[in-house]
Amino acid sequence: MTMLRDLTWRDLPRVVELEGALFGAHAWSEPTWWAELAARPRREYVAAVGPDGAVQGYAGLDHGGESADIMTVAVDPSLHGAGVGRALVDELVARAERGGASALLLEVRDDNAAARALYARTGFVHVSRRRGYYQPEGVDALVLRRLLSPVDGDAQ
Ligand SMILES: CC(C)(COP(=O)(O)OP(=O)(O)OC[C@H]1O[C@@H](n2cnc3c(N)ncnc32)[C@H](O)[C@@H]1OP(=O)(O)O)[C@@H](O)C(=O)NCCC(=O)NCCS
């Protein structure tokens, strides 16, 4: 069972541990995470937690007005394939729509099959390719987009 809630500074030791395991040399450092959390409300981070309260994964959004961006999605390796990533992306979609965005964009490594499958399953389509974007490996970034149904604040 997975519950979703806002990510807080108390989660950072666990998040930084997962970052290292999942992203290696591309992991965000603890100071970067503090800066990301301080960038609210433009940035919004969500934690997926298990019944014991343990952080199973996390994901984040940049609210940029008409279009929002997914900053990251990450799931504990021992829980891959259990639907946590999908729950996180669905939550980001809902939050971006509540923020009034009509499109959600992201960049994904061309060689990241798991992430590409997750985004395909959650309705993202390819819009462009940035050659050699991820360095030093020189791996391309694919830019993906999902169109949203923004929630009209006046209608609530
Ligand atoms: C990408 C990632 C977040 C996916 O999380 P997850 O919890 O394992 O994904 P889910 O279990 O919700 O799977 C979502 C869909 O993607 C598919 N998928 C997930 N991993 C897959 C894999 N390795 N190969 C093929 N398909 C895969 C699933 O089959 C599922 O589709 P379905 O619902 O039709 O069965 C996870 O692999 C991860 O943390 N990777 C390292 C960090 C990373 O690369 N983040 C993305 C940065 S852009």
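# A tour from a cis proline to the ligand

Start by selecting Pro41, which sits in the loop between α2 (30-38) and β2 (43-49); helices (H or I, at least four residues) and strands (E, at least two) are DSSP runs, numbered from the N terminus. The model is predicted, so local features need pLDDT of at least 70 and side-chain atom pairs count only at pLDDT 80 or more, while totals for chains, interfaces and linings use all residues. Residues are numbered from 1 along each chain as its sequence is written, and side-chain values use heavy atoms, with hydrogens and water left out.

Next go to Pro136, in the loop between β6 and β7 (139-147). The bond that joins Gln135 to Pro136 is also a cis peptide bond, with omega near 10 degrees.

Now select the ligand and the 20 residues around it, of which Val73, Gly81, Arg86, Asn112 and Arg121 come nearest. A residue counts as near if one of its heavy atoms lies within 4 Å of the molecule.

Which atoms of Val75, Gly81 and Arg86 lie by oxygen atoms of the ligand? For Val75, a backbone N or O atom lies 2.9 Å from a ligand oxygen. For Gly81, a backbone N or O atom lies 2.8 Å from a ligand oxygen. For Arg86, a polar side-chain atom lies 2.6 Å from an oxygen atom of the ligand. The protein covers 72% of the 920 Å² of accessible area that the ligand has on its own (Shrake-Rupley method, 1.4 Å probe).

Colour the shell by element: α1 (12-23), β4 (67-75), α3 (84-98) and α4 (113-121) each give two or more residues. With six residues, α4 gives the most.

Finally, show the largest pocket, the space taken by the ligand. A pocket is an open set of points on a 1 Å grid over the protein atoms alone, where a 1.4 Å probe fits, with protein on both sides within 12 Å along at least five of seven lines; lining residues have an atom within 4 Å of a point. A molecule sits in a pocket if more than half of its atoms lie within 2 Å of the grid points. The volume of the largest pocket is about 1,200 Å³, the space filled by probe spheres set on the points, which are joined across faces, edges and corners. Of its 37 lining residues, Phe23, Val73, Asn112, Ala115 and Tyr119 are the closest to the centre. β4 supplies the largest share of the lining, seven residues.

Note on methods
A polar contact is a pair of N or O atoms within 3.5 Å; within protein, one must be able to donate a hydrogen and the other to accept it, and residues adjacent in sequence count only if both atoms are side-chain atoms.
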